[in-house]
Amino acid sequence: MDYNKQYDYLIVGSGLFGAVFAHEAHKLGKKCLVIDKRNHSGGNIYCENIEGINVHRYGAHIFHTNDKTIWDYVNSFVEFNRYINSPVAIYKDELFNLPFNMNTFYQLWKVKTPAEAKEKIQEEIGNLNLENPSNLEEQALSLVGKDIYEKLIKGYTEKQWGRSATELPSFIINRLPVRFTYDNNYFSDKYQGIPIGGYNKLTEGLLKDIEVRLEVNYFDNREEWDAMADQVIFTGKIDEYYNYEFGQLEYRSLKFEDEIKDTDNFQGNAVVNYTERDIPYTRIIEHKHFEFGTQPKTVITKEYPLEWTSEKEPYYPINDKKNTEVFKKYQALAQQETGVIFGGRLAEYRYYDMHQIIGSALKKASDHFSVIEKPVEQ
């Protein structure tokens with residue numbers, strides 16, 4: 001550590017990547033400062049308590065992983081419950097189970113056996129003659145046929161991306177999970193659940209005894225912040241870090257509308273998707289079901305996909321050809337940096353599940369500290 005500096009590490013952003021890296025550095029006796037421009041830590045996993053219910057402020061977060069090391073890691077900070085994600089979809093007042101499984105196929109066609117379901121799907125695909133799909137619509141039709149596509153994919157996808165499925169590239173859905181069992185568990189991972197007491201407990205555990213300053217924008221006093229630490233861990237937008245030198249990277253954004261309902265149970269499930277194009281939101285989240293809440297009231301959130309502008313929250317990177325080429329230019333600059341480590345969804349311009357971002361942060365921390373802590377050979 002440069003003794004003229006106050007900290008070993010300045011961590012810009014207190015989301016999962018920043019919090020995990022800070023925790024690993026702190027364990028090794030490093031002095032860390034975490035700053036975040038929001039008025040809370042935890043990034044997008046932050047929960048707001050409303051009516052005694054942990055509301056997932058930035059959309060539903062359901063932890064799942066096949067990696068026992070990561071599962072044990074998060075459970076060392078907070079115990080997870082037995083929540084299993086089993087969303088349902090509503091299309092024109094009809095209700096369907098997700099992911100596509102034997103329950104869905106029975107609801108669509110009244111077929112009861114896997115053989116009957118496979119025959120029905122092949123019949124639908126075979127009639128279309130789509131050997132070389134040129135867009136998302138053709139790709140989806142070639143994978144699951146007309147009924148599933150039109151009732152459960154088309155409207156939802158067009159709302160999510162803000163454009164017609166025929167205008168979207170086929171690579172967005174290289175495959176669609178189709179399950180020929182009566183299994184409504186959305187994820188196939190071995191471990192799944194929600195932190196008991198909410199995700200804030202995970203963040204609090206990771207950042208325990210680490211200095212955190214909130215409502216601080218790194219870019220307002222960048223040189224001053226950089227001068228405080230030997231190393232910067234940057235988890236914000238990589239294009240902003242480089243002052244948009246090669247142009248802005250594009251995202252999809254979201255808007256959330258909360259309602260407090262004077263009932264103990266509004267929809268009977270945490271996640272209900274609305275797959276019709278005419279309904280402007282994609283899903284309604286009823287947060288209490290994530291933790292099997294028994295509160296007298298309930299809180300629901302309608303989720304609206306939005307075009308992204310620089311004033312809106314960036315949620316989903318648009319990893320098309322144009323943005324990928326721009327990102328590669330920023331990535332090349334980042335790889336030349338010696339005093340900055342870039343990590344997380346915005347800095348790496350890729351969508352991450354929670355277990356993936358924890359794994360990424362642990363790997364980068366391990367690689368970094370294995371180098372700087374390596375004994376000097378005599």
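This note comments on selected features of a predicted model, point by point.

1. The hairpin of E3 and E4. Strand E3, residues 47-50, pairs with strand E4, residues 53-56, in the antiparallel sense, and the pairing runs over four bridges. Ile50 stands opposite Ile53 in E4. Two residues lie between the strands of this hairpin, and Glu51 takes a positive phi near 55 degrees.

2. The nonpolar cores. The largest nonpolar core has 54 residues, of which Leu10, Phe105 and Phe342 touch the most other members. Helix H6 supplies the largest share of this core, with five residues. Apart from this core lies another, of 44 residues, which includes Leu16, Phe63, Tyr83 and Tyr191.

3. The surroundings of Phe105. If neighbours within four places in sequence are left aside, the contacts of Phe105 include Phe100, Val111, Ile121, Ile148 and Val178. Lys110 and Arg179 are also among the residues that Phe105 contacts.

4. Thr157 in helix H6. Thr157 belongs to helix H6, which covers residues 146-161. Is this residue buried or exposed? Thr157 has a relative accessibility of 10% and therefore counts as buried, since the cut-off for buried is under 20%. The side chain of Thr157 reaches the backbone oxygen of Ile153 at 2.8 Å. Not counting residues up to four places away in sequence, Thr157 touches Leu136 and Leu168.

5. Lys68 in helix H2. Lys68 lies in helix H2, residues 68-75. With a relative accessible area of 46%, Lys68 is partly exposed. Lys68 and Lys190 are 122 residues apart along the chain, and 8.5 Å separates their C-alpha atoms.

6. Aromatic pairs. The count of aromatic pairs comes to 29. One of them is formed by Tyr241 and Phe342, an edge-to-face pair with 5.1 Å centre to centre and 85 degrees between the planes. This pair links distant parts of the chain, as Tyr241 is in helix H9 (residues 238-241) and Phe342 is in strand E16 (residues 340-342), 101 residues apart. Tyr241 counts as buried at 6% relative accessibility, and Phe342 counts as buried at 8%. Both residues belong to one aromatic cluster, which also contains Tyr218, Phe219, Phe234, Tyr242, Phe246 and Tyr330.

7. Charges over rings. Lys118 lies over the face of Phe180, at 5.1 Å from the ring centre. Phe180 is also one of the residues in contact with Phe105.

How values were computed: Residues numbered from 1 in each chain as written. Predicted model: local features only at pLDDT ≥ 70, side-chain atom pairs only at ≥ 80, totals over all residues. Heavy atoms only, no water. Pairing = 2+ DSSP bridges. Buried < 20%, exposed > 50% of the residue type's maximum accessible area, 1.4 Å probe, protein only. Polar contact = N/O pair within 3.5 Å; in protein donor to acceptor, adjacent residues only side chain to side chain. Contact = heavy atoms within 4.5 Å. Core = buried A, V, L, I, M, F, W, Y, C linked by side-chain atoms within 4.5 Å. Phe/Tyr/Trp six-rings, centres within 6.5 Å; stacked < 30°, edge-to-face > 60°. Lys NZ or Arg CZ within 6 Å of the ring centre and 35° of its normal.
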